[in-house]
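Please open the structure in your viewer and keep the selection tool at hand. The stops below say what to select next and what is there.

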Amino acid sequence: MNIYTKNLNRIEFLVTLACTGKCKHCSEGSHNTNGKFIDGSVAADVVQKITSKYKISSLMTFGGEPLLYWEQVCKIHEAAYKAGIQKRQLITNGYFTKDMDKMRFAVKELAKSGIGEIALSADAFHQETIPLEIVKEFALTVKKEGIMIKVHPAWIKSKDAVNPYNNSTRDIIKEFDKMGIGSSPGNIIFPEGNALIYLKDYFDINEKVINPYIENPEDIHTISIEPNGNVLGDNIYKTDILDILSGYKPC
């Protein structure tokens with residue numbers, strides 16, 4: 001087995017860069033999507049092949065807003081469930097349609113797919129452009145379908161830091177608390193993309209910050225597959241994923 005990928009235990013799918021929000025903190029910046037999204041059938045095949053050779057403990061789908069293509073998300077999570085991956089998580093802002101019947105149908109299909117947990121991106125940044133009431137209705141529907149859901153907020157500086165954005169996020173979390181939906185610790189905003197443009201006053205430009213999401217190229221634990229299929233310098237639409245993993249070498 002390739003010494004650089006022998007410790008692989010997590011698969012991520014960046015389903016699409018298309019998004020329903022325009023968040024100031026987004027590390028992806030302007031979301032130049034080109035209409036691309038992951039092919040769920042190809043992704044499911046990738047999951048099956050990887051789990052036949054590697055012990056994968058977690059899988060995550062995210063975006064952009066992944067539920068713009070919820071059918072593809074369902075295919076991925078169904079494959080993860082069948083493969084016995086224990087932690088199966090989706091990150092979503094909960095706003096992918098204004099049609100509440102369509103939303104409810106999509107959530108039912110997500111439940112059937114075996115998805116394990118939904119991390120709901122709800123905070124001061126998302127709610128500047130995304131209607132909170134629609135997100136709350138989505139969250140209640142998810143809860144009724146028996147899927148675990150928690151608010152997963154973004155914080156400036158730290159969860160305890162006092163600033164207008166964090167204060168607003170705390171108020172939003174209280175709204176979900178009233179619905180019996182708790183929150184995770186969330187994540188601290190990294191100075192990248194939109195955050196460097198709109199939130200630059202909150203960062204010390206002289207402070208060296210290490211991106212916590214960057215993998216050690218000589219010891220890959222997580223692979224993140226992009227909407228166009230790119231991963232580890234190759235592409236799942238052109239090369240078999242097991243060949244990509246066995247042939248990978250750090251630059």
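This is a predicted model: local features need pLDDT of at least 70, side-chain atom pairs count only at pLDDT 80 or more; totals for chains, interfaces and linings use all residues.

**Aromatic pairs**

A search of the whole structure finds six aromatic pairs. Select Phe 37 and Tyr 69: their ring centres are 4.1 Å apart and their planes lie at 10 degrees, so this pair counts as stacked. The two residues come from distant parts of the chain, 32 residues apart. Phe 37 sits in the loop between β1 (10-16) and α1 (40-53), while Tyr 69 sits in the loop between β2 (58-63) and α2.

Next, select Trp 70 and Phe 105. These two form an edge-to-face aromatic pair, with 5.8 Å from centre to centre and 80 degrees between the planes. Trp 70 belongs to helix α2 and Phe 105 to helix α3, so the pair ties together parts that are 35 residues apart in sequence. Colour the two by accessibility: Trp 70 is buried, with a relative accessible area of 10%, whereas Phe 105 is partly exposed, with 46%.

**Salt bridges within a helix**

Now show the charged side chains. How many salt bridges does the structure hold? There are twelve.

Select Glu 78 and Lys 82. Their side chains meet in a salt bridge, at 3.3 Å from N to O. Why can these two be brought together along one helix? Both are in helix α2 (residues 70-82), and because they are four residues apart, about one helical turn separates them. Glu 78 is partly exposed at 37% relative accessibility, and Lys 82 is exposed, with a relative accessible area of 65%.

Move to helix α3 (residues 100-112) and select Glu 109 and Lys 112, which are three residues apart, so about one helical turn lies between them. The side chains of Glu 109 and Lys 112 meet in a salt bridge of 3.2 Å, N to O. Here Glu 109 counts as partly exposed, at 23% relative accessibility, and Lys 112 counts as exposed, at 66%.

**A salt bridge between helices**

Select Lys 136 and Glu 175. They form a salt bridge in which the closest N and O atoms are 3.0 Å apart. This pair links distant parts of the chain: Lys 136 is in helix α4 and Glu 175 is in helix α5 (residues 164-177), 39 residues apart. Lys 136 counts as buried because its relative accessibility is 13%, under the 20% limit. Glu 175, at 26% relative accessibility, counts as partly exposed.

Salt bridges that share partners join Glu 133, Lys 136, Glu 175 and Lys 178 into one network.

Stay on Glu 133, which is in helix α4 (residues 132-144). Glu 133 is exposed, at 55% relative accessibility.

**A nonpolar patch**

Switch to a surface view and select Leu 196, Ile 197 and Tyr 198. Together they make a nonpolar surface patch of about 330 Å². Where is Leu 196 placed? Leu 196 is in helix α6 (residues 194-198). At 45% relative accessibility, Leu 196 counts as partly exposed.

**The cysteines**

How many disulfides does the structure hold? The number is zero. Cys 74 takes part in no disulfide, and the nearest cysteine sulfur, which belongs to Cys 19, is 18 Å away. A disulfide would need the two sulfur atoms within 2.5 Å. Cys 74 counts as buried, at 9% relative accessibility.

Terms used. Residues are numbered from 1 along each chain as its sequence is written. Side-chain values use heavy atoms; hydrogens and water are left out. Buried means under 20% relative accessible area, exposed over 50%, partly exposed in between (1.4 Å probe, protein chains only). Patches are made of residues with over 30% relative accessible area and no salt bridge: like charges are joined within 9 Å, nonpolar side chains (Val, Leu, Ile, Met, Phe, Trp, Tyr) within 5 Å. Accessible areas come from the Shrake-Rupley method with a 1.4 Å probe; for residues, only the protein chains shown count as cover. A salt bridge is a side-chain nitrogen of Lys or Arg within 4 Å of a carboxyl oxygen of Asp or Glu. Rings of Phe, Tyr and Trp (its six-membered ring) pair if their centres lie within 6.5 Å; planes under 30 degrees apart count as stacked, over 60 as edge-to-face and the rest as tilted.
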